[in-house]
Amino acid sequence: MTLIWSVVFSAFAVVIPVVHFYLAPLISSAGLSYTVQNFGLDAQKCTKVEELQACEKIVLHQETGLLYLACSTLANRAKWNPAVARFEATVDEDYVATYDPSTSKVTRLTLENFDSKKNGLSLLGMDVLFVYLINNRPPQDGQDPSVVGADSVVEIFKTVAGGDTLVHLKTVRDPAIVSPNDLAGFSDGKRFYFTNWVNRKTGFALLARNLLTSFSSIGYCHSDQGCKIAVENFYTANGIVKAPNGTIYVASATGLEIKMFEKQDDDSLVFLEGVHCDTPIDNLSIDKEGTVFAAGMPKSLEVWEHTKNSSHPSPVCAWAFSKNIGPGAFYGEKYKVQKVYENDGTIASGSTTVVHDAERGRLFMHGVFSHYLTVCHTK
């Protein structure tokens, strides 16, 4: 009996730290007792563009100030969303749009050499100006998506700044592209890194992704040479962005941090370091000054309600990660982490991407279930 109890206690000694390692960030991220503080956004300086709905990813074209958006309809998002195991395929077409903040003009881009009716178009992550689009389309062979999952691919298009057409170049389909969430493309129109939300399309892994899991990864593709997994067992991989110096930043959604990687000659990634924040985070963007912005979720349980009823307010915040050039740098604080704003969902709700135009003094916010694009002036 003594031996049995010794084994039991030894097992607990191993299991409890492991469970705590996985559950502690999740408990913290739920924000159960957190009171949202409204600051950083002035409603008088913000406008809502209701023509643009359900845009999960937005990207700024720095030279022109144009915003590119990967959008859908609220009805479509409610029925077809593989990330939360919704597999009711619809006939609604997703689309890419541009928004010109200087004129408030919205332009839906026309697709050339691409039959969205035949191939399906369900957009999530995006990068431009070679436009890389994650297409979590329904299965093409008529199989039940609740059994086999989405037939996820990456579509590569070419456009010109300010143009109204996307010319399709290639569809990249590979076993490594399992449940793509976001991507970061190169300027050659062929290479990109991407994050897999989970490493299984359906089943327990999809459920576990929202609990305690390392079932996600970072992949790399060359459209002519194929794809591979660059980083395995990543904790809740989400947004990804590539800095001008080549550093790859990846959001660990419920790990509450961004992780930095260095690209190697064989296109694998070597982990450099991580920087912590206090809420779950989604997509990432980099402004002209090199600051990384992350869309934050101060009340993550409200996000789940928001996915079920998009009219339910989902509080938002934004984190800014930058090199510390202040006095703290002398004491080893390499990075400055700042919560730029926080809102209870009245100005922006359910944002999955935040983009800062440092040159023109604008802040853009949108989300996969958001009813409108929020544009705020910061100058």
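Which residue in β12 does glutamate 112 stand opposite? Glutamate 112 stands opposite valine 167. This is a predicted model, in which local features need pLDDT of at least 70, side-chain atom pairs count only at pLDDT 80 or more, and totals for chains, interfaces and linings use all residues. Residues are numbered from 1 along each chain as its sequence is written, and side-chain values use heavy atoms, with hydrogens and water left out.

**Pairing around β12**

- Strands here are DSSP runs (E, at least two residues; helices are H or I, at least four), numbered from the N terminus.
- Two strands pair if DSSP finds at least two bridges between them.
- Strand β8 (residues 110-112) runs parallel to β12 (residues 165-172), and three bridges join them.
- Strand β11 (residues 151-158) runs antiparallel to β12, with five bridges.
- Glutamate 155 has threonine 171 in β12 as its bridge partner.
- The hairpin of β11 and β12 has six residues between the strands, and glycine 162 there takes a positive phi near 85°.
- In general, strands of a sheet pair through backbone hydrogen bonds, either parallel or antiparallel.

**The four-stranded sheet**

- Four strands form an open sheet in the order β17-β18-β19-β20, with antiparallel pairing.
- β17 (237-242) and β20 (269-276) are at the edges, each with a single partner strand, so one side of each has no neighbour in the sheet.
- From one strand to the next, the twist averages 25°; axes are lines fitted to C-alpha atoms, and angles run from 0 to 180 degrees between N-to-C directions.
- Seven bridges pair β19 (residues 257-263) with β20 in the antiparallel sense.
- Lysine 263 stands opposite leucine 269 in β20.

**Annotated residues**

- An unreviewed UniProt entry gives the annotation "binding site" to Leu121, Asn181, Asp182, Asn238, Asp282 and Asn283.
- Of these residues, Asn181 is included in the lining of the largest cavity.
- A cavity is a set of points on a 1 Å grid over the protein atoms alone where a 1.4 Å probe fits but cannot get out; lining residues have an atom within 4 Å of a point.
- UniProt positions follow the numbering used here, and annotations may be inferred rather than shown by experiment.
- Leucine 121 lies in the loop between α3 (116-119) and β9 (123-127).
- Leucine 121 has 9% relative accessibility and so counts as buried (under 20% relative accessible area, 1.4 Å probe, protein chains only).
- Leaving out residues up to four places away in sequence, leucine 121 touches Asp94, Leu111, Phe114, Ser116 and Asn135 (contact means heavy atoms within 4.5 Å).
- Asparagine 238 is in strand β17, and counts as buried because its relative accessibility is 2%.

Notes: 1 Å grid on protein atoms, 1.4 Å probe; cavity = no way out; pocket = protein on both sides within 12 Å on 5 of 7 lines; lining within 4 Å. Buried < 20%, exposed > 50% of the residue type's maximum accessible area, 1.4 Å probe, protein only.
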